[in-house]
Amino acid sequence: MRIAASIVVMAFVGLLPFALDSYWVFTLSEVMIYAIATIGLDIVFGRAGQLSLAQASFFGLGAYLAALTTTLPAGLQFLLVVATAMIAGAVVAIPTLRLSGLRLALVTLLFGELFIWALDHLGSLTGGTQGLVVPALAIGDSNSQDPTYGYMLVLFFAVAATLTAVQISRTQFGRRLLAVRDSEVAARSVGIGLVRTKVAAFMLSAIFAGVAGWLYAHVVGFVAPPTFDLFPSVYFLIAVILGGAGRVAGSWLGAAYIVLIPQAFSIIGQSNLFPILGGGVLILVALLLPGGLMDGATRTAGWIRARYAAMRQMSSNRRPA
Amino acid sequence: MPAVLAVGSLGNTLQVILGGLATGGLYAVLLLGVIVVFQVSKNVNFAYGELGVIGAFVGYVLYSTLHWPTPLALALGVAAAVVLAAVTDLTLIRRIPDRQGFDLVVTLGALLLLTAGTDVVFGSADRQYLNLFSDKARIVGGVYINAGDLLSLGLGLVALVGGHLIVNETGLGVSLRASAEDPAIARSMGIDVLSLRTAVWAASGLLAAVASMVIASRLVLDARYMTPVIINVFIAGMLGGLDRYWPPMLAAFGVGLYNSLAGYIFGSDASTPALFILVLAVLIIAPKRFLEERHEARA
Amino acid sequence: MIDNGRRLLAVGSILVLGLLVACGTGSSSGGGTGSNANCNTSQPTQGVTSSQITLGETLPLTTAGPSPQQTVDGSQAYYDMINAAGGVKGRKIKLIARDDQYNPSMALQQMRNLVQQDKIFAVAGGQGTPNFLAQAPFLNTQAVPAIAPYAPSSELGNMKYPHVYMTSVNYITEFQIMTRRVLDNFSPKGFGLVGVQGNVGDDSKQGMKQAIGSSGKPLLYIPEQPGTPDLTPIATQLKSSGADWVFLILTPSDTGGLLKAMQRIGYQPRLAAWAGMSDQTYIDQFGDLSQGMIVAQELALPDASDPDVQKYVQQFTKQTGRAPSGFNNSLGWSQAELTVKALQDAPALTRSCVEYALNQVKDFKTGILPPITFGASERQGVNAVGLVQIEGKTVKQIASFKSV
């Protein structure tokens, strides 16, 4: 049953780009790209409980690597992104091992600021504040900046990232992450290596973000510092929190929120209203859905199912309560 | 030339130190509001600076457009921020779901909403604010001792000492700490925890408005001028620890001074790496005891 | 991590394998074709119906003060005038202005919206350099002509972006002309330059260096991070360098903040600044701190006696019921004026034919910009700036348009 459902969903998702116009195909690719990075942040924040504001920096690292290594074969680029992201994750994690909560957030934020500063100041390499054009990645006889091909490329990685994250939650490592989040003292007492677990969580989350950034660069075709600064990092965090921390599907919903809400304003022809009302929408969603988007979606589904069941029951046999 | 430069550079360095301490004093005023709010409600309010911006703007409209007397205009501006801060607590903070990170999301939403609202209501042009004495100076040994700098520094010292007296030496401070330690016990002692919290939020609005007005007089007034300032205030708070008093308050002065000196010596655009190095150094070198938070932040 | 490492490794290697198969190797350039000297009257087109031509632009409408909206208003006033007189080739012009928040990726996103959702025919106008630079490669791949975006940059105005027709000078040119003027007339002792760090500041520095050349005058360049909370260090650095002329290319708010910091430490050099500082909104607020400031002038002053300028002011006033309010109204008007000329001159309403018409533009006088000239491989239509000076609550012309 589950497998059949998965196949139906996959077929639907795979056929979507042939049913939508190129603009929406591109937008969906963006949702998937942001979902990959959000899933990564969920590993370090949602599960291991480490508040990180550097996710957009890891994302940017992957994106800039893509922009700077366009002459390399794609497979090699990918390995390079993974390796660099791992190192970057460790570089952020190791000096901050003793920190937690807001202090940790602050230091990861400063790592992000330093990353942007470096981008701005290495102008001859990074294009500085003006950013860099990223040539499209050849895929067969088309390329990554063709919306449909870009979509397929991103879909492949999004599925892989989702499966990996689901797999992680079933492993010992996944349970160790939760233990570290719930109580470091208790985790240590049952023999969990805090250092190893935290560093691994950071490294994994950086890899997810780095790969997402790498895809972003190839699909969008342009990288510039503001895409990777403090605000996007905050938005990734919002995506995790709003989606429902610790749940992969929540990360998807959160990513969809941050990409699609601005689009929703655009559809009703009021794109200039988003910066004005975006904050209000955020407040409303947080207050009205205290369990996050995931919980809201589950409850909506449950409500529909209950309604459906009630209706069926009412029509079939009426029994006194 | 080199000899003149040497003498000149001492005067110039003192000039930068004065400017840095003045900025740090304003950071301290702002940080006091952050600390008391954190101690009583365990929240960090990201919209905090924007409350001050709105206070400064209300003052501006009253004295500049409606030509009300300046002291009255500024007082009403402060009052507006006080009311807005209390309303923020009553309408938003009390309703925040008790889940990790939701206070961050809600106050961030408030920041975005208030910033955009400021643009819409007051217009998005940059305005020049009142001088607040910054056009009056006395030259001592080549250093311009500016009345505006002295005002900022003085406000910072008042906040430092006054905050200490209130938080650590009065009955109000005891109630504050009691409700922070354990709201249930505080309630059983007859403390109205919720009202106290709203009052503390209102007080933080006052501090934000006063500091924002003086900062507007040093920079400009628009919907966003407080954002970089608030980031530095939070950095000082994190360095010292929001659950303590003296370390963060002194860090506020320190961050202001350090930033200005680093900017003067290494150039303005080196301030980001300079700050990064400072924070990393402090947090790596600091003893473990210092880093342990007495109360885990919710965010 | 260790016990489950093998599983993760397996997933990882599947990832890599899939990638290698899917992508092949190497990369291809998605760039557009270079020359567009020919008018293809049967080229498939979008955004043109029998009654309407749809144009688009993006500007930082919500994050950069009121100025960008004034630019849109200026353009709209011109299109309203043209539409009231019957439009272009019997079609009314519709302008869609989208907010890009001065953010490059948002700008690219909004340009996709314009081209793929709103189905615009061409880009007309726009404002802001980093946001436009993010769109330029996309416009290349889509071969959408962009007419007169206000995006001063040494990157644009050449055949790297053959569909972009520039009417704003870059900051190298602007600061070179201003510095030369100061050298020729005021015998300065030393120069200071405070610029937004990055390409904008670097271009300005390069222009000043070119003008200073071998004259041996010192130049202290201080790159500034927008939103610096204490500007005393910069003011003090300038003061101690002994610069008696300080050039500024900062946001209006940081310009105001820096001038206040200079006032606090009793430092009063002569000032020169980029063209944006001649805007009335800035002068109304910070005029008292900016007396005597020399400002580069990219657009003619509305009170100039030139008949083309007078014609513009009359038309604008008649159309809107008020006089143009300075830089941004004029900018928008001039962008619309060039766009309408290109549409009118085009042999047919296809993109290639509009570009063909743009290539023929020679010494076109808008009454606002210096005369515009494009060519088969010339995309920088304007190379001249004039100079004005802030006096009282207004600006006064001190040098007419001059090219490098």
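**Exercise 1. Find the residue that stands opposite C:Ala146, then place its strand in the sheet.**

Step 1. C:Ala146 faces C:Val164, a residue of strand 5 of chain C. Strands here are DSSP runs of E with at least two residues, helices are runs of H or I with at least four, and both are numbered from the N terminus.

Step 2. Strand 4 (residues 146-147) of chain C is joined to strand 5 of chain C by two bridges, and the two run parallel. Two strands pair if DSSP finds at least two bridges between them.

Step 3. The open sheet has five strands in the order 2-1-3-4-5 (chain C), with parallel pairing. Its edge strands are strand 2 (92-99) and strand 5 (164-165) of chain C, each pairing on one side only.

Step 4. Helix 2 (residues 67-84) of chain C packs on this sheet and touches strand 1 (52-59) and strand 2 of chain C. Its direction makes about 170° with that of strand 2 of chain C. Contact means C-beta atoms, placed from the backbone, within 7 Å.

A note on the model: it is predicted, so local features need pLDDT of at least 70 and side-chain atom pairs pLDDT 80 or more, while totals for chains, interfaces and linings use all residues. Residues are numbered from 1 along each chain as its sequence is written, and chains are lettered from A and ligands numbered from 1 in the order in which they are written.

**Exercise 2. Describe how helix 2 and helix 7 of chain A pack.**

Step 1. Helix 2 (residues 22-47) and helix 7 (residues 147-170) of chain A pack at about 25°, with axes 9 Å apart. Axes are lines fitted to C-alpha atoms, for helices over the stretch in contact; angles run from 0 to 180 degrees between N-to-C directions.

Step 2. Helix 2 of chain A is therefore roughly parallel to helix 7 of chain A (angles under 35 degrees count as such).

Step 3. The contact includes A:Phe26 and A:Met32 of helix 2 of chain A, and A:Tyr151 and A:Phe157 of helix 7 of chain A.

Step 4. By class, this contact has 18 nonpolar, five polar and no charged residues. Ala, Val, Leu, Ile, Met, Phe, Trp, Tyr, Cys and Pro count as nonpolar, Asp, Glu, Lys and Arg as charged, the others, Gly among them, as polar.

**Exercise 3. Describe the side of chain A that touches chain B.**

Step 1. 28 residues of chain A are in contact with 35 residues of chain B.

Step 2. Helix 5 (101-121), helix 11 (230-243) and helix 13 (274-288) of chain A each supply at least two residues of that side.

Step 3. The side has 21 nonpolar, four polar and three charged residues.

Conventions. Two residues are in contact if their C-beta atoms, placed from the backbone, lie within 7 Å. Angles under 35 degrees count as roughly parallel, over 145 as roughly antiparallel, 65 to 115 as roughly perpendicular and the rest as oblique.
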